Amino acid sequence: MASSLFTRIADLLAESEPFDILTDDERSGLLQKMTLELYAPGEVILQQGDDIHRALYVVESGLVRLTAAETGKTIDMAGEGSQFGSYGLIQGGALPYEARAVEQTSCALIAADSFGALLDRNEAFKAYFDADIKRYVRTADDDIDASGAFLLFDTTLGSVLRAAAPTVGTSATVREAAQTMSEVEVDAVVVVQDEVPVGVVTEGDLVERVLATGGDTGQPVMALVDRPPIALGADESLFTAVRTMMRHRIRKVVVVDPESGRLRGLLTAEDVSHYRGLDPVATTERLERAQSVEELAALRADSNRRLYRLYHQGVHSEELLDVVTEVDDQLKQQVLRTVERDLREELGADAYDGPWAWLAFGAAGRRESVLRAWQDNGLVYADPASGDAERAATYYGTLATRAVAALKTCGYGDPENGIDASAEPFRQPLAAWQAAYETWSAGVDGESTARAALCFDLRVLWGDDDLGEALRGTIRGHLPNERLARLLARQGTRGDMPLSTFGRIEVEEVGGRTGLDLRERTLLPVVRMARAMALDMGYLDTTNTFDRLRHVAASDHPLAPTAGGLVPPFTTLVDLHLRGQMQAAEIGERPTDLIDPDALNKSQQNLLKETLKEVQQARSNVRSHYGLG
């Protein structure tokens, strides 16, 4: 292999998953035995049904389509830096797909023995391919939009940029920034210092903060910069930009060189719209424009259907859960904004003024929202002066009751755990919430333990986060709490997994339908074990189950291996849960937590059984550690 090509492939591996997690010596070892093959457009690289698997293929240049030849269904698209062929090497047997070059393509081949030896030596490398095969099995019967997935994940932001970003220096005036916008006909400029972006100023900033107030256009443009710009590296994916725009509710992202931090360009929502995958961003923009609860309800139903598009484009379970939660959060926030606006207009001068926050518990509190969702919320407000206590209670009581009713109109069910802000105990001033937490954290009885479990999943969804931080401070005062961790661990290890002695997946009848309740029987046990282990360590940085498991796994906690081992099965269960709900939403049915195991293909059934056994083993480890018998 020519030295320049050798260097090119070495650099490609160092930048591509999962080879970027290898050591330099491990990558060098692969390169010593690697060969290069060229393929013409339309040429078959791997034949479906082949049972001799000689190598892992890494695309050096070009594009490869993986197709189920009998049905014509596209399974995946492999572009530069992507790899294929691992399924046959690991699973053996007949290859379930065909690999064909779409255009002139060159592939670097890693010999089967070199690949197998590396799997044996490197656990992280092996885990990557194990997860990839499980994802293939889970989606084997879905019509995956692989071309959309390729655009979302293989398109870098550097390749999306269509023009250089207009810039001004930090010493420029507001007038000069406005002139720059006018000259190049744009609505924003990037403020740079030594080619590094330090701020973004938009046309809206000029209008609202200078022209509308009669401000001085000769003042420094930095007076309009409130914070550093939200920036992404040019090597980040299009999906990362989509998610960033959603989370920060922005229409522009600064793109920088990943090494030097120098400005590469300004990516706009309009740029992204030239590619697929914009739907979630468009949904959040529509939510912000909605003016009534009825309009928000219609948008929620529509967004549920649109989210399935991302699943079709190969968005992984954890990332998809994050996107679903982001849409869910923004819809609820707009509901709260609308309800409070209407109430204050109705009351006028009689409206009560004071800091307050809307609290999310349960799945929403963990940032694990799905399409079938319950209320599980509360309201906390700043302690009022003694003479205002009754007036504050009346105002927030009305606000909470109307908000809960509005959320029901939008399709959110009654509180799953008996907690919603329309009930007086769960709309209280800060001091009352803190007193309740003191009682719940003591775990004196079953109800207190259940309340404590929920309060540890607290998240401020809307309003004054200082109130939420005060509540988290109360919780921290009770951690670590060995007795409470043991009680919470018991919650997560009651009963058995829905798997019979003979290895059959057990089903039940729920609401006139028969199936496996994925949420109650499989997901919640993992959620509860993760909560117990994390709180045993006093970990409150986030409430998300994936984060909790990874934090424990990276620690010296005795259950660290158990926590790490739960990440793959939790991923599989989340994927099955979301897929079932999105399929229902796609055809206009109400999402449920039930799946029919018989509707899965044989490989998927075997994967589910393996997953249930892994969770059962984890439950056994947790019970043993906490002495639960």
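Buried residues make up 52% of the 629 residues in this chain. Buried here means under 20% relative accessible area, exposed means over 50%, and partly exposed is in between, with a 1.4 Å probe and protein chains only. Two notes on the source. This is a predicted model, so local features need pLDDT of at least 70 and side-chain atom pairs count only at pLDDT 80 or more, while totals for chains, interfaces and linings use all residues. Residues are numbered from 1 along each chain as its sequence is written, and side-chain values use heavy atoms, with hydrogens and water left out.

Now the overall layout. The secondary structure comes to 24 helices and 21 strands. Those are DSSP runs, numbered from the N terminus: helices are H or I with at least four residues, strands are E with at least two. Next, contacts, meaning heavy atoms within 4.5 Å. Take the contacts with a separation of 6 or more. Residues 24 or more positions apart account for 72% of them.

Let's go to helix packing. First pair: α10, residues 238-248, and α14, residues 317-347. Their axes are 10 Å apart, and the angle is about 25°. Axes are lines fitted to C-alpha atoms, for helices over the stretch in contact, and angles run from 0 to 180 degrees between N-to-C directions. So α10 and α14 are roughly parallel to each other. The cut-offs: under 35 degrees is roughly parallel, over 145 roughly antiparallel, 65 to 115 roughly perpendicular, and the rest oblique. The crossing of α10 past α14 is left-handed. That is, the near helix is turned anticlockwise from the far one by less than a right angle; clockwise would be right-handed.

Who touches whom? From α10 we have F239, R243, M246 and R247, and they meet E319, D322, V323, E326, V327 and Q330 of α14. The residues of this contact divide into 4 nonpolar, 1 polar and 5 charged. For the classes, Ala, Val, Leu, Ile, Met, Phe, Trp, Tyr, Cys and Pro are nonpolar; Asp, Glu, Lys and Arg are charged; the others, Gly among them, are polar.

On the α21 side sit V526, V527, A530, R531, M533 and A534; on the α22 side, T545, R548, L549 and V552. The count for this contact is 7 nonpolar, 1 polar and 2 charged.

On to aromatics. There are 15 aromatic pairs in the structure. Rings of Phe, Tyr and Trp (its six-membered ring) pair if their centres lie within 6.5 Å; planes under 30 degrees apart are stacked, over 60 edge-to-face, the rest tilted. Look at F361 and W433. Their ring centres are 6.1 Å apart and their planes are at 25°, so this pair is stacked. F361 is in the loop between β15 (356-360) and α15 (362-365), and W433 is in helix α17 (residues 430-442), so the pair ties together parts 72 residues apart in sequence. F361 is buried, at 3% relative accessibility. W433 is buried too, at 1%. There is also an aromatic cluster, made of F19, F115, F125, Y128 and F129.

Now the backbone. Most residues other than glycine have a negative phi, and most peptide bonds are trans. Which peptide bond is cis here? The one from E17 to P18, with omega near -10°. P18 lies in the loop between α1 (3-15) and α2 (24-32).

Two residues with positive phi. D376 has phi near 45°. D376 sits in the loop between α15 and β16 (377-381). Is D376 buried or exposed? Buried, with a relative accessible area of 5%. E195 has phi near 70°, and its place is the loop between β10 and β11.

Stay in that loop for D194, which lies between β10 (188-193) and β11 (196-202). D194 is exposed, at 69% relative accessible area.

Last stop, G413. The loop between α16 (389-409) and β17 (427-429) holds G413. G413 counts as buried, at 19% relative accessibility. Leaving out residues up to four places away in sequence, G413 touches A373, W374 and Q375. G413 and Q375 are 38 residues apart in sequence, yet 6.1 Å apart in space, C-alpha to C-alpha.
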